[in-house]
Amino acid sequence: MNKLSNDHKDVEFVNVTKRFGPVVAVDNISLSVEQGAFFSFLGPSGCGKTTSLRLIAGFDQPSEGDVHIGGVPVVGIPPHKRPVNMVFQNYALFPHMNVAENIGYGLRQRSPKPTAAEMNKQIDETLELVQMSGYRNRRIWEMSGGQQQRVALARALINRPTVLLLDEPLAALDRKLRRDMQIELQTLQREVGITFILVTHDQEEALSMSDRICIMREGDIVQSGSPRELYDHPVNRYVADFVGKSNFIAGSISGVNGKSITVKSENGREFIGSPSTGAPTLRGGDHASIAIRPELIAISPSNTSAADMNADVAMNGRVKNQIFLGEHTEYLINAEGIGDVLVLSPKHIESESGGFNPGDTVTIGWKNELALALEDS
Amino acid sequence: MATMIKDGNKGSWLTAVLLAPTTLWFLVMLIMPLIVVVIFSFGERSPMGGYAASFTFDQYANLPSRLKAFTNTLTYAPLGTLLTLLVAYPLAYYLAVKVSARWKLLLLVLVIVPFWTSLLIRTYAWIFILGGRGIPNLLEMIGFDDVRLINTPGAVLLGMIYGYLPLMVFPIYVSLEKLDKQLLEASNDLGGSPFRTFLQVTLPLSMPGMATGCMLVFILLMGEFLIPAFLGGGKIFFLGNALVDLFLQSRNWPFGSALAVTLVIIMLVTVTIYMRLTMGSKTGRDVSIM
Ligand SMILES: Nc1ncnc2c1ncn2[C@@H]1O[C@H](COP(=O)(O)OP(=O)(O)O)[C@@H](O)[C@H]1O
Ligand SMILES: [Mg+2]
C-alpha cells in the first residue's frame, strides 16, 4: 500500500479481525470507502456491522489487521483523537444539556476553544441544516424521536468529520418518518460532501440511500458493490435473497455450457440460468439455485404456450393471493413442480389482461437469460 | 381524566380510607411526639427534674449558653458530609464503572458488612485503633513519638466518615450504575478526553446520587452524639450530646426540648435550601431518593 493510492480513500480495512473472547465478530475483512461516498454495511442482526463501525470510531481496537482513516493508520488512537463522528442508534444525547449545548459539545472540546459568538453561529447554521431552527433551548426529553435524531445528526455534523458513522439511525422511527429521513439523509450527504458510513439491517434503506453497499454475514463480507450491481449480479443465493425479492428453485448443477447453466431441481425438472458476473465459477454437481426476480416473470391466462408468452419456460399454476400495489400487482402463485412463486405484474399489462383473482389458474413463464444460476450459500 | 372527575366524590372517600393508616402512623409516630416536645419547650424544669407546665420563653432565651454545641454541630456536620462525599465518590465510581460484574456483588456486600454490627461497637473499636496501644504505638516503633490521634477533631471526622460511608456510597453507586455508558462514548467521540468526559458527563449526571447521599449523611450527622463522645473525648460537644445530657443526666426536659426544636428548625431550613438548590439545577429532572 503506498501513500498515493490511499489518498482518495477515507476509510480502509486491511485484513481486520475482531474477537470478543471466543466470538469472532469481524473475520478478516478488507474494504475501502471512497471519499464522499454513501457507504452501507448491510446484514442481519449479529453479523458484525456495529463492531465494524466501532472499529472505525475507535471504541474497539482490531484484534488483527489495520484500519486507515484518510490514509493514516489509526489503530491505537483513542476515539477523541479521530476525525470521525458517530450518530448512535438511540441517539445518546446528553440529558443534562439542552439542544444548543448538545450540538456545541464537540466545539467546546477543541483547543483553542472557538469564541462564544463563533460557536453560536455554527450551532445556528447546523440547526438550520437539519431543519431544527427554533429548537435551540429545548430540553432533550421535550422532543420527539425524529427531532432527537436530527439533533444527534447536528451534534456530529457540526464537527465536520472526515467520516460520519451512523448506526441504524432510523431504526427507532416510524415507517413514514423513516422514509422522509432516508431522503433527507441522502440530500444532506450530498450537501455537506462528508463520507457517510451507515449500518442497517433494512435492505430497502441500504438500497435507497447508498452508492455502495457491503453485505455481511457472520463477520464476513459476502459481496460489496453498488445497489444495482448487488441487485442484478448477486454472487450467491444469500445476496439475491437479502437484496430485493427473488424466487429460488433449488437443485444441483447438471450441465455447464458457457453462459448457460442447467440446474436440475429436486423433482427432476431442468431449468437454465446464466452465471452472475463476479460470482465464483460453478461446476457440475454443485448445489445451486435458479433465481428469478418477481418482475421478470410474465403471467397469462392458463394454458398459454411458452412461445406465445415470449418465454423459454412456462408452467401452469393457481393464484393463491393477489396484492394491489398501485403501479404493480403482486401475485403469489402455486406453480406446478416448483411451489410458491412471487410475480410482480406492471399496471399496463394488468389493464390489458384484466388481472387475475385468487383461485384462477394461470400460466407463468420467463426467459432463460433473465434467470441466474447461483451458488447455494 | 373524565372518569376521575365524575367519580370525584367516591374517589376522594376511597383515597381517605386508603390513606388513613399512613396518616395515623404519621400522627402517632411523628407529629404527636413533636407536639409534645414543642409544648415542653415552653415549660419549666420542675424542681425534681422533668417537666412542669408553664408558658415561658426562658428556655429559648437560654439557648446561647449552648452556643458551642451549635457551632460545633454546624461545622462538623457539613465538613463531615463533604469529606464522606470525597471518600465515597471514588469508591462508588470504582464499584460501578471499573469492577467486573463478577466481583461487584462481593464488594458491594463488603461495603454493607460493617452495618451488621452496631455503630457503638464499631466506634469503640476505633478508640483502640487510634488510642495509645493502636496506631500511635506502631508509629512509636518506627520512631515517631507522642503522636496523638484519639480525642482530636481529626478522630471525630474520621469516625464520621467511617460510620456513614455506606449511606453515601450507595446512592452514588446507583446513579453511576444507571448512567448510560453510551453517553461516555458519545462524549469521547465528540473529542472529549476521558478526564473531560468525567467532568462534563459523569459528574453532572451523578449529581442526583450525590445530593441524596449528602442529604442522608448530613441529617444523620446533625443528630450525631456517639462519635464525638467516643472519639472526641468529651471535648468536642455536639447538639446531640447536649440533648443526651439534658434529657438523661440533668433532667432539664424543657431546655432540652427547646434545643431539640431549634435543631429541627435548623435542619428543615438547611434541607429546604439544599433541595431548592439541587432540584432546581439542570439535572433536577432525575432527582430521586435512589
Ligand atoms: N462487547 C462485546 N462483547 C462480546 N461480544 C460482542 C461484543 N460486541 C459484539 N459482540 C458479538 O459480536 C457479534 C457481532 O455483533 P455486532 O457487531 O453488534 O452485530 P450487528 O451490529 O451486525 O448486529 C455478535 O455475535 C455479538 O454478540
Ligand atoms: Mg448493531
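How many residues of chain A are in contact with residues of chain B? In this predicted model, 26 residues of chain A are in contact (heavy atoms within 4.5 Å) with 21 residues of chain B. Chain A also surrounds ligand 1 with a shell that includes Phe20(A), Lys49(A) and Thr51(A).

Two notes on conventions before the details:

- Residues are numbered from 1 along each chain as its sequence is written, while chains are lettered from A and ligands numbered from 1 in the order in which they are written.
- Because this is a predicted model, local features need pLDDT of at least 70 and side-chain atom pairs count only at pLDDT 80 or more, whereas totals for chains, interfaces and linings use all residues; side-chain values use heavy atoms, with hydrogens and water left out.

**Around ligand 1**

- The residues near ligand 1 (a heavy atom within 4 Å of it) are Phe20(A), Val23(A), Ala25(A), Pro44(A), Ser45(A), Gly46(A), Cys47(A), Gly48(A), Lys49(A), Thr50(A) and Thr51(A).
- By class, this shell has five nonpolar, five polar and one charged residues, where Ala, Val, Leu, Ile, Met, Phe, Trp, Tyr, Cys and Pro count as nonpolar, Asp, Glu, Lys and Arg as charged, and the others, Gly among them, as polar.
- Strand E2 (23-34) and helix H2 (49-57) of chain A each supply at least two shell residues, and H2(A) gives the largest share, three residues; helices (H or I, at least four residues) and strands (E, at least two) are DSSP runs numbered from the N terminus.
- Oxygen atoms of ligand 1 lie 2.6 Å from a backbone N or O atom of Gly46(A), 3.1 Å from a polar backbone atom of Cys47(A) and 2.6 Å from a polar side-chain atom of Thr50(A).
- The protein covers 58% of the 560 Å² of accessible area (Shrake-Rupley method, 1.4 Å probe) that ligand 1 has on its own.

**Between chain A and chain B**

- The buried area (accessible area, 1.4 Å probe, that two parts lose on being put together, summed over both) is about 2,100 Å², and carbon and sulfur atoms give 55% of it.
- His80(A), His96(A) and Gln109(A) supply 30% of the area that chain A buries against chain B, more than any other three residues.
- There is one salt bridge (a side-chain nitrogen of Lys or Arg within 4 Å of a carboxyl oxygen of Asp or Glu) between the chains: Arg54(A) pairs with Glu185(B), their closest N and O atoms being 2.7 Å apart.
- On the side of chain A that touches chain B, H2, strand E6 (84-87), helix H4 (105-108) and helix H6 (145-157) each supply at least two residues.
- That side divides into 14 nonpolar, seven polar and five charged residues.

Conventions
A polar contact is a pair of N or O atoms within 3.5 Å; within protein, one must be able to donate a hydrogen and the other to accept it, and residues adjacent in sequence count only if both atoms are side-chain atoms.
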